[in-house]
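Hi there,

Here's the structure I promised to pass on. Have a look at it first, and then read my notes below.

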Amino acid sequence: SDNGWLRGLNLAVDYYNMARDRSKQLYVIESGCVERNAGEKAGWLRDARETIKGWPEIKGFSYNHENTDCNYFITSSTSSLDAFRSMGSDAHFQLQ
């Protein structure tokens, strides 16, 4: 991490390993990222996208699009919205 900043889904590594080791599926819920600096949220989303694609045990992912303790809105920047749209249009995330 970078001063508490976790790239992509680094926080979920232990949960992923536990699911994998037990042959279980995993659903990542209430994940989110704040826009500290321009483009960081977009980078976080791109990292999360690639991580999920490499972790077949993950069967679902939800982004916490709200303003609670922090501004998690996906629309906080054009780059974050574009990264989220790109993630959603990736064939890996389409229903089979």
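**Two helices side by side**

Let's start with helix H2 (residues 40–54) and helix H3 (residues 78–89): their axes come within 7 Å and cross at roughly 15 degrees. Keep in mind that this is a predicted model. In case you're wondering about those two values, a pair of packed helices is described by the angle between the axes and the distance between them. Angles under 35 degrees count as roughly parallel, so H2 and H3 are roughly parallel to each other. Their crossing is right-handed.

Which residues make the contact? On the H2 side you'll find Lys41, Ala42, Leu45, Arg46, Ala48, Arg49 and Ile52, and on the H3 side Ser79, Ser80, Ala83, Phe84, Ser86 and Met87. Sorted by class, the contact of H2 with H3 has 7 nonpolar, 3 polar and 3 charged residues.

**Salt bridges**

How many salt bridges does a search of the whole structure find? It turns up 6. Here are some I looked at.

Arg49, which we just met in the contact between the helices, has a salt bridge with Asp90, 2.8 Å from N to O. This pair links distant parts of the chain: Arg49 is in helix H2, Asp90 is in the segment after H3, and they are 41 residues apart. Are these two partners buried or exposed? Buried means under 20% relative accessible area, so Arg49 counts as buried at 17%, and Asp90 counts as buried at 9%.

Asp90 also forms a salt bridge with Lys53, and here the closest N and O atoms are 2.9 Å apart. Lys53 lies in helix H2 and Asp90 in the segment after H3, so this pair ties together parts that are 37 residues apart in sequence. Lys53 has a relative accessibility of 34%, so it counts as partly exposed. Put together, salt bridges that share partners join Arg49, Glu50, Lys53 and Asp90 into one network.

Another one to find is the salt bridge between the side chains of Asp21 and Arg20, at 3.1 Å from N to O. Asp21 counts as exposed because its relative accessibility is 55%, and the cut-off for exposed is over 50%. Arg20, at 38%, counts as partly exposed.

**A glycine in H3**

Gly88 is also worth a click; you'll find it in helix H3. With a relative accessibility of 45%, Gly88 counts as partly exposed. Where does Arg49 sit relative to Gly88? Their C-alpha atoms are separated by 9.2 Å, and the two residues are 39 residues apart along the chain.

**Zooming out**

Now for the protein as a whole. There are 3 helices and 2 strands, and along the sequence they follow the pattern α-β-α-β-α. The protein has 96 residues, of which 34% count as buried. If you take the contacts with a separation of 6 or more, residues 24 or more positions apart account for 72% of them.

When you open the file, I'd begin with H2 and H3 and their crossing at roughly 15 degrees, then go on to the network of Arg49, Glu50, Lys53 and Asp90.

Cheers

Conventions. Residues numbered from 1 in each chain as written. Predicted model: local features only at pLDDT ≥ 70, side-chain atom pairs only at ≥ 80, totals over all residues. Heavy atoms only, no water. Axes fitted to C-alpha atoms, helices over the stretch in contact; angles between N-to-C directions. Helix = DSSP H or I, 4+ residues; strand = E, 2+ residues; numbered from the N terminus. Parallel < 35°, antiparallel > 145°, perpendicular 65-115°, else oblique. Left-handed = near helix turned anticlockwise from the far one by under 90°. Contact = heavy atoms within 4.5 Å. Nonpolar A, V, L, I, M, F, W, Y, C, P; charged D, E, K, R; others polar. Salt bridge = Lys/Arg side-chain N within 4 Å of Asp/Glu carboxyl O. Buried < 20%, exposed > 50% of the residue type's maximum accessible area, 1.4 Å probe, protein only.
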